[in-house]
Amino acid sequence: HETRAIKALSDLVVYFVPMRFVNFDWAQERARSYEISSLTEDQALNLIRDAPRQFVAFNQRQCSRIYPRGRRINSTNFDPYIYWRVGCQMAALNYQTLGSQRHPPMLHR
């Protein structure tokens, strides 16, 4: 199953054209659903704070990928849910560690 998923994701590369994010007005004027913009987690957090509705509308028109800030030298991960809830489609995560140490409570046996 994993190899099929990897192939499916790899096939998407053909359909996305990377485009530097300039601003929401510029992206709306272009309105190209096949473009993808990559933003650091800090850039995306600023957009969520300053213009959440515009960010949601942007993500309805085209794709966005959020990646960890460069200062994450110990391979920790950000919480992707923050970005997914405004419509960001991809979150690039570090896989060198298990991520957050927050685990669901153990069920009693």
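Trainee: What volume does the largest cavity have?
Mentor: About 40 Å³. A cavity is a set of points on a 1 Å grid over the protein atoms alone, where a 1.4 Å probe fits but cannot get out. The volume is the space filled by probe spheres set on the points, which are joined across faces, edges and corners.

Trainee: How many cavities of 30 Å³ or more does a search of the whole structure find?
Mentor: One. Remember that this is a predicted model: local features need pLDDT of at least 70, side-chain atom pairs count only at pLDDT 80 or more, and totals for chains, interfaces and linings use all residues. Residues are numbered from 1 along each chain as its sequence is written, and side-chain values use heavy atoms, with hydrogens and water left out.

Trainee: Which residues line the largest cavity?
Mentor: Met19, Arg20, Phe21, Val22, Trp26, Ala27, Arg30, Glu35, Ser37, Phe58 and Gln62. A lining residue has an atom within 4 Å of a cavity point. H2 and S2 are the elements that give two or more residues to this lining. H2 supplies the largest share, three residues.

Trainee: Let's pick Glu35. Where is it found?
Mentor: In strand S2. Helices (H or I, at least four residues) and strands (E, at least two) are DSSP runs, numbered from the N terminus.

Trainee: Is Glu35 buried or exposed?
Mentor: Buried, at 2% relative accessibility. The cut-offs use a 1.4 Å probe and protein chains only: buried is under 20% relative accessible area, exposed is over 50%, and partly exposed is in between.

Trainee: Which residues is Glu35 in contact with, leaving aside neighbours within four places in sequence?
Mentor: Val17, Met19, Arg30, Gln62 and Cys63. Contact means heavy atoms within 4.5 Å.

Trainee: New topic. How many helices and strands does the protein have?
Mentor: Five helices and four strands. From the N terminus, the order is α-β-α-β-α-α-β-α-β.

Trainee: What share of the residues is buried?
Mentor: 28% of the 109 residues. As for contacts with a separation of 6 or more, 61% join residues 24 or more positions apart.

Trainee: Where is the place of Ile66?
Mentor: In strand S3, residues 63–67. Ile66 is buried, with a relative accessible area of 0%.

Trainee: And what does Ile66 touch, not counting residues up to four places away in sequence?
Mentor: Leu39, Thr40, Glu41, Ala44, Phe78, Tyr83, Cys88, Met90, Ala91 and Ala92. Take Tyr83: it is 17 residues along the chain from Ile66, and their C-alpha atoms are separated by 7.6 Å.

Trainee: Now Ala31. What is its phi?
Mentor: Near 45 degrees, a positive value in a residue other than glycine. Ala31 lies in the loop between helix H2 (24–30) and strand S2 (35–40). Ala31 is partly exposed, at 46% relative accessible area.

Trainee: Which elements have the lowest and highest mean pLDDT?
Mentor: Helix H1 (residues 2–12) has the lowest, 73, and helix H3 (residues 41–50) the highest, 95.

Trainee: Where does pLDDT stay under 50?
Mentor: Over residues 103–109. The model has zero contacts beyond four places in sequence for them. Where pLDDT is low, the predicted coordinates should not be read in detail.

Note on methods:
pLDDT is the predictor's confidence in each residue, from 0 to 100. On a 1 Å grid over the protein atoms alone, a cavity is a set of points where a 1.4 Å probe fits but cannot get out, and a pocket is an open set with protein on both sides within 12 Å along at least five of seven lines; lining residues have an atom within 4 Å of a point.
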